[in-house]
Amino acid sequence: MNAKKIFFGSSVIAMMLVACDSSYLDQTITNDLNEEIVFADSTYASGFLTQIYTDIGFDTDGDRFGGHNAMNSNGGLQVACDEAEFRQSSTITTGMAFATGTVNPVIVTDDAWSRCYTNIRRCNKFLNLIDKTPMFEGTKRQYKAECRFLRAWYYYVLVRHYGGVPLLGDTIYTADDAIKSTRDTYEDCIKYITSEVENVLHENILRPRTSGSNNGRVSEGTCQAFLSRVYLDAASPLHNGMEGKDFYSGISNDKLKALLAYPINDKERWKPAIDYSLLVMKSTGDYKLFEAHTNHENSEPPEPGWGYYAMQIPADFMDVTSYGDVKYPYGAYQEILFQYKEPEGIRLCDMYCPPSCGGDRLGGFIYWDLCEAFPMADGKAINDHSGKYYSKYNPVFPKVNRDPRFGNVVTVNAMQQMSAGDKTHWVFTCLGDGATEDAIYSGTPTGVYIKKFVNRNCAGNYFVAPPMSRGLIRFAEVLLNYAEAVNEYYGPNHEDYVSASEAISPYTALKKIRSRAGIEPGEDGMYGLKENMTQDEMRDAIRLERRLELCLEGFRFFDVRRWMIAEETDNKMMHGLELTHTGKDMTTGYTWRIVDVRKHVFRKSMYFWPIPYKETMRMPDLQQNPYYETTNE
């Protein structure tokens with residue numbers, strides 16, 4: 001808790017100064033004297049930089065659509081794809097628009113555009129003025145490096161949403177300036193983002209990792225992992241060439257197409273994603289998965305996959321520094337490369353907990369389709385006849401014999417969850433005898449609640465306020481980035497060496513993730529994976545693992561787009577599980593059926609977000625993305 005106070009405490013003056021930066025590019029600090037005061041003082045200047053950090057992660061926040069702490073909040077990217085259903089509301093939200101295929105430039109939030117450009121302007125102001133600040137030169141160089149990374153980060157958020165956007169360089173526009181109003185190509189934007197971060201790395205200023213009160217600040221590992229992500233995106237089907245793709249064949253304007261992708265496919269674009277992933281694995285920052293299979297609050301009995309839960313709330317488990325012979329000097333922070341910092345609170349409990357646990361369910365409800373994607377405890381799919389637990393799968397008690405991640409991601413019928421200080425509280429989502437306010441059609445339209453990120457010791461109706469910071473880049477993603485890029489570039493059997501004695505391959509990466517998850521290795525040591533996979537089979541295995549490991553963290557929405565499979569995944573009926581109970585014993589007497597929840601509709605335009613209407617009206621040269629206009633000329 002003290003670390004959070006150090007990190008956020010100095011930002012008050014900076015918040016006052018930059019609060020006026022609310023629209024695209026052309027806002028200016030209203031009082032030059034205030035500006036002089038801030039950058040004449042090292043504490044105020046560092047607070048200005050801290051303020052730039054406070055918006056990182058807004059795009060993947062679980063209640064992005066509707067407002068932070070707002071009762072009309074209606075989820076985030078999870079409800080805009082095939083992960084979760086939005087809460088019914090009279091308000092039209094962005095998540096609802098993406099689910100129903102009604103996206104247009106007026107309805108959809110402009111937060112990616114406005115918040116990113118606001119912070120890009122802040123970065124430019126900081127870089128322009130920090131040399132006036134009395135401060136150690138080493139600290140100043142470090143702050144500049146952090147700021148340049150943050151500027152690249154916000155540009156990446158823009159490009160991931162819209163494709164190519166206006167690149168501003170170091171310019172600070174005022175209200176009297178002619179603002180740049182044309183979009184740069186996708187290729188130029190990626191080149192700018194990657195070159196900025198690579199230059200930061202080449203300056204060798206940042207530490208391999210941050211820790212303690214600096215958790216959440218940019219490190220060398222942050223830069224390397226971020227580059228692996230950016231290069232992976234750029235090499236993916238949506239961006240890597242236009243030939244033979246229906247999306248691009250319907251656009252006649254070549255300049256418009258160049259805003260969204262490279263003209264020609266180039267296999268070599270996968271290679272930097274491999275290289276930067278390997279740099280993270282070899283880093284002296286000692287990044288690795290936090291693998292522990294014991295609940296350290298209650299060591300008996302063992303709990304397979306406990307580390308997956310602990311990683312979600314690392315501040316509570318900083319002191320868990322070993323498991324068996326493996327040392328974790330940074331506790332559950334061991335795999336966190338970049339983090340969104342947030343003070344203690346019960347917002348996450350409000351967002352996700354069932355009603356009986358004090359939740360308002362602002363973050364949505366997991367679809368049964370995602371629930372069924374989790375394998376059994378042996379790593380085999382629930383419908384795989386070769387699996388050890390195939391005959392034991394029971395939708396009435398779906399947590400039994402399952403991948404342990406399942407119980408750390410969802411709350412289903414007859415699961416225990418904290419309520420009003422009672423850790424033994426039972427949640428029942430069934431209809432019929434014993435039905436409660438948590439029941440399907442009453443508390444949840446899918447029969448399932450989100451549990452990921454919810455501290456086991458906390459609830460919406462309990463006074464304990466847990467840490468709410470969350471990882472934005474973690475080592476599991478790096479492993480998955482590596483596996484995907486290697487499979488596309490070399491094939492599924494390629495190996496690299498992280499050290500003289502440790503090899504890594506797509507198989508190894510998936511095994512590491514499944515081992516940490518608590519999945520049984522099996523007699524063949526494959527953790528349920530098929531041996532001798534083809535490239536296509538490995539591609540499917542990697543995509544499944546990303547869907548499960550990274551669920552509800554904002555990846556799925558963009559993954560299905562960059563793979564160009566959203567027309568399949570987000571254009572179909574989504575489902576829930578309806579249980580009905582008869583009798584007094586809540587452990588037996590259930591019938592079940594899978595029910596339709598919502599038909600998702602995906603239109604070609606939805607591969608990219610529309611440029612906000614008010615921006616295209618103000619700047620006619622700011623070309624709209626394809627299929628949002630009556631013409632694509």
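Predicted model: local features only at pLDDT ≥ 70, side-chain atom pairs only at ≥ 80, totals over all residues.
**Notebook: aromatic rings**

Started with a charge over a ring: R269 lies over the face of Y262, and I get 3.5 Å to the ring centre.

The charged end of R456 sits over the ring of Y309. Here I note 4.0 Å from the ring's centre.

Next, ring against ring. How many aromatic pairs does the structure hold? My list comes to 34 aromatic pairs. I picked out F98 and W609, a tilted pair with 5.0 Å centre to centre and 50 degrees between the planes. Then I checked where the two sit in the chain. F98 belongs to helix 5 (residues 94-100), while W609 is in the loop between strand 15 (590-599) and helix 21 (613-618). They are 511 residues apart, so I put this down as a pair that links distant parts of the chain.

Are F98 and W609 buried or exposed? Both are buried.

Went on to W426 and F428. This aromatic pair is stacked, with 20 degrees between the planes and 6.4 Å centre to centre. I looked up the accessibility of each partner. W426 has a relative accessible area of 44%, so I file it as partly exposed. F428 is at 14% relative accessibility, and because buried means under 20%, F428 counts as buried.

Last entry, a group of rings. Which residues do ring pairs link into a cluster? I wrote down F247, Y248, F602, Y607, F608 and Y627.

Technical notes. Residues numbered from 1 in each chain as written. Heavy atoms only, no water. Phe/Tyr/Trp six-rings, centres within 6.5 Å; stacked < 30°, edge-to-face > 60°. Helix = DSSP H or I, 4+ residues; strand = E, 2+ residues; numbered from the N terminus. Buried < 20%, exposed > 50% of the residue type's maximum accessible area, 1.4 Å probe, protein only. Lys NZ or Arg CZ within 6 Å of the ring centre and 35° of its normal.
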